[in-house]
Amino acid sequence: MTNPPAMRRLFLLCSLFPLAGLCADEDAVTYNDHIKPIFRQHCLKCHGDDKQKADLNLQSYAGTLKGGSGGELVVAGRSSQSLLYEIIVDADDDFRMPPNKPPMPEEQIAMIQKWIDTGLRESAGSDSMVAARDLSFQPAATTGGKPENPAMPENLPEIEVPEIVRPLPVLAMDASPWAPLLAVAGQEHVRLLHAETEEELGKLPFPEGVPHVIRFSRDGAVLMVAGGQPVESGKVVLFDVKTGSRLAAIGDEIDAVLAADLSPDQQLVALGGSGKVVKVYSTTDGTLQYKIEKHTDWITAAAFSPDGKILATSDRAGAVHLWDAKSGGILLTLAEHTASVRALDWRSDSKLLASVGEDGLVVWWDVTDGWPAITKKNAHPPHRPKGVYGKLPNGILAAKFGPDGTLFTAGRDQAVRLWDASGKTIWWRHELDGGTPIQSVVVATEKGKTLVVGNSSGQLKFFRVDS
C-alpha cells in the first residue's frame, strides 16, 4: 500500500531540492541515458577524448555544451538553430555527419532533436535549460471598449464591377471586431457580407486593382484595403465602413501592395511588397514617416501589435523582424522559418505573435525576448493521394487568433485547424473540396464563434466552432 505521509515527504523534498534526483523525470531525454550512446556509436572516434577534430569533444556533457572551433553546438530549446542538428540532417553527403556514411537512423535523429528542444538535460534528475514561460491568455481591455453602435454599412451606392471569366481567389478578407460584418476581396472591389446570414450588404469600389490585404480598424469603423495592379501600381485606401466613402489614399508603389496594416490608433499605415522595403506613412497627411530596408526578399506580411508598440514584418525568405512602431528601430529578429512566411497575427494581449509559412511551421513567439515559445512542425500534414509520390506541399497560408486566444490556421492540405493556447489541436475540418484555403477569419458574435475560410476557387466556407 502507498504510504501517504511518505509520499507527502517525497513531494516536499522534490519541491525544496529539485536537483537531488528524488524527482527524476523518467521520460526525459538525457545526455547520459540517450544521447551519449548515440555519440559513442557514430561520433566519438573523431570527437572524443582520444581525438578532437574541430576542437570538439562529445564524450562529456560539458564538452558537448562547450562546442568546438565552429562555435556553439547546441542551443537549448531550439534544434532548428543548433549546429549539431543541422549537420546530422544535412541533405548534402559531403557536409552531413557522420562523414562518408548513410544518415543516422530517424529515431536517433528524433531523439537528439527532442533532447535539444526539451532543454539539454544531463540526467533524469537535471533541470531543463529552457526556462518555463507564462503563456496564459488574459484578454486585454480594448481602448474605448465596444462602440455603442458598431459600424455597419448603410445604403451603400451600387457600383459596377468588371466581368470575370473565372472566380477570383479569395486573396484577402477580414471580420469586424464588433459587428457581424465580413469584407472580402473581389476584382476591383470589396464585398461586404453579413457574417451570420451570409447576405451581401454592398460593395466598395477599389479601381486600383486587386485587393491583397483587408483590415478593419480596432473600433471597426474604418476599413483598410491594400493592393493594386501587378508591375504597375499599388496603393492603400481607407474607407468609412458606414458610408463607404474614401477617407484617404496612401502610397504610390510601382507594384501591387502585398502586405499592409493600420495601426491601432489609426495614425500609421505600414505597407510593403516586391520592392523588399517596408514603408510607414502618416494617415493624416500621407507623409512617409520611415522606411525599413532590412528585408532581403518580398515583404509578405505586416502587423501592428494591438497595443500599438510593435510592428512585425516578414518576407519570402522566411525572415521575421520586430520594429518600434513609432520610430522604426529594430527590436528583435525572429529566426525559425526556412521558407516564405505567409501570415502574421497578434494575440489580442500583445504577448504572442503567430507566424506561419510554406515550411509547414506554426510558431507562437514570445515577443518579450523573441523566443519561439511553441513550435509546431508539419502542422498541416498533407494527405498523400494514391499513386502520388515525392514531397507533398505542406505550407500554411493563413493564421488568425480568435478573441479567446485560440489560433486558427489554414493550409495547403485543404484543412483548417484550431489550436488552444498551449499549441494543442482542439478542432479541425477537411471539408474544403473545391480549392485550397488561403484566408481565414474569426467572427465572434453574441450567437457564438464562426470561422470563415476563403479558398483559391473564390468560395467562402462558414464553420461554427463553438464546441
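Colleague: Which residues are exposed on the other side of α2?

Modeller: This is a predicted model, in which local features need pLDDT of at least 70, side-chain atom pairs count only at pLDDT 80 or more, and totals for chains, interfaces and linings use all residues. Residues are numbered from 1 along each chain as its sequence is written, and side-chain values use heavy atoms, with hydrogens and water left out. Buried means under 20% relative accessible area, exposed over 50% and partly exposed in between (1.4 Å probe, protein chains only). In α2 (residues 31-42), Tyr31, Ile35, Ile38, Phe39 and His42 are buried, while the exposed ones on the other side are Arg40 and Gln41.

Colleague: Which helices do the buried residues of α2 pack against?

Modeller: Helices (H or I, at least four residues) and strands (E, at least two) are DSSP runs, numbered from the N terminus. Contact means heavy atoms within 4.5 Å. The buried residues of α2 pack against α3 (61-66), α4 (83-89) and α5 (106-117).

Colleague: Is Asp349 buried or exposed?

Modeller: Asp349 lies in the loop between β17 (341-346) and β18 (352-357). Its relative accessibility is 13%, so Asp349 counts as buried.

Colleague: Which residue of β19 is the bridge partner of Ala354?

Modeller: Five bridges join β18 to β19 (residues 362-366), and the two run antiparallel. The bridge partner of Ala354 in β19 is Trp364.

Terms used
Pairing = 2+ DSSP bridges.
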